[in-house]
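Please keep the sequence and the structure in view while reading.

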Amino acid sequence: MNSKLLSRTIYVMFAVYVVVWLTLGSVSGGNKALVWTYFIIDVLICALSLTCGVLTFFAAPKVSAARSVVFILISLLLCAFTWFAFLTPVCGLPPYLFSV
């Protein structure tokens, strides 16, 4: 796969993740199906961006190792943030995913 295409795909997925995350609080309004949809979208974006980050190591025109590592680290941070935001309990309250 082309390294430019992989890089653009990763950038688009990061942008979509941010947009989805910013719209979650304003649109969900206690709708459990919508919160689950956002969660599934976030997990898919995390998995795909992590996969594309790993694929940048093997791309045809070589991408620098530092750039590939940064893509992977940002993807892992997004995964950790998704885990923290949706699945960890806060101050004795149930996790957000199960509380709506």
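## Overall features

The chain exposes about 6,000 Å², and carbon and sulfur atoms supply 78% of it. Accessible areas come from the Shrake-Rupley method with a 1.4 Å probe, and for residues only the protein chains shown count as cover. The model is predicted: local features need pLDDT of at least 70, side-chain atom pairs count only at pLDDT 80 or more, and totals for chains, interfaces and linings use all residues. Residues are numbered from 1 along each chain as its sequence is written, and side-chain values use heavy atoms, with hydrogens and water left out.

The secondary structure comprises four helices and zero strands, in the order α-α-α-α from the N terminus. Helices (H or I, at least four residues) and strands (E, at least two) are DSSP runs, numbered from the N terminus. Of the 100 residues of the chain, 33% count as buried. Buried means under 20% relative accessible area, exposed over 50%, and partly exposed in between, with a 1.4 Å probe and protein chains only. Among contacts (heavy atoms within 4.5 Å) between residues at least 6 apart in sequence, 69% join residues at least 24 apart.

Helix 2 has 24 residues, which should span 34 Å at 1.5 Å a residue; its end C-alpha atoms are 35 Å apart, which agrees. The expected span of a helix is 1.5 Å times one less than its number of residues. The buried residues of helix 2 are Val 35, Tyr 38, Phe 39, Asp 42, Ile 45, Cys 46, Ser 49, Cys 52 and Gly 53.

Helix 3, with 23 residues, reaches 32 Å from its first C-alpha to its last, close to the expected 33 Å. Its buried residues include Ser 68, Phe 71, Ile 72, Ser 75 and Leu 78.

## The nonpolar cores

A nonpolar core is a set of buried Ala, Val, Leu, Ile, Met, Phe, Trp, Tyr and Cys residues joined through side-chain atoms within 4.5 Å. The largest such core has eleven residues: Leu 6, Ile 10, Met 13, Phe 14, Tyr 17, Ile 45, Cys 46, Cys 52, Ala 59, Phe 71 and Leu 78. Helix 1 (3-27), helix 2 and helix 3 each supply at least two residues of this core, and helix 1 gives the most, with five residues. A second, separate core of eight residues includes Leu 24, Val 35, Ala 85 and Leu 97.

Which residues does Ile 10 touch, not counting residues up to four places away in sequence? They are Ser 49, Cys 52, Gly 53, Thr 56 and Phe 71. Ala 59, another residue of the largest core, is found in the loop between helix 2 and helix 3. Ala 59 counts as buried because its relative accessible area is 3%. Ala 59 and Lys 4 are 55 residues apart in sequence and 9.0 Å apart in space, C-alpha to C-alpha.

## Two residues of helix 1

Ser 7 is found in helix 1 and counts as buried because its relative accessibility is 7%. With residues up to four places away in sequence not counted, Ser 7 touches Arg 67 and Phe 71.

Val 16 also lies in helix 1, but its relative accessibility is 36%, so Val 16 counts as partly exposed. Val 16 and Asp 42 are 26 residues apart in sequence, and their C-alpha atoms are 9.0 Å apart in space.

## A nonpolar patch on the surface

Val 54, Leu 55, Phe 57, Phe 58, Val 69, Leu 73 and Leu 76 form a nonpolar patch on the surface, with about 620 Å² of accessible area together. Patches are made of residues with over 30% relative accessible area and no salt bridge; like charges are joined within 9 Å, and nonpolar side chains (Val, Leu, Ile, Met, Phe, Trp, Tyr) within 5 Å. A salt bridge is a side-chain nitrogen of Lys or Arg within 4 Å of a carboxyl oxygen of Asp or Glu.

Helix 2 (32-55) and helix 3 (65-87) each supply at least two residues of the patch, and the largest share, three residues, comes from helix 3. Phe 57 has its place in the loop between helix 2 and helix 3. Phe 57 counts as partly exposed because its relative accessibility is 32%.
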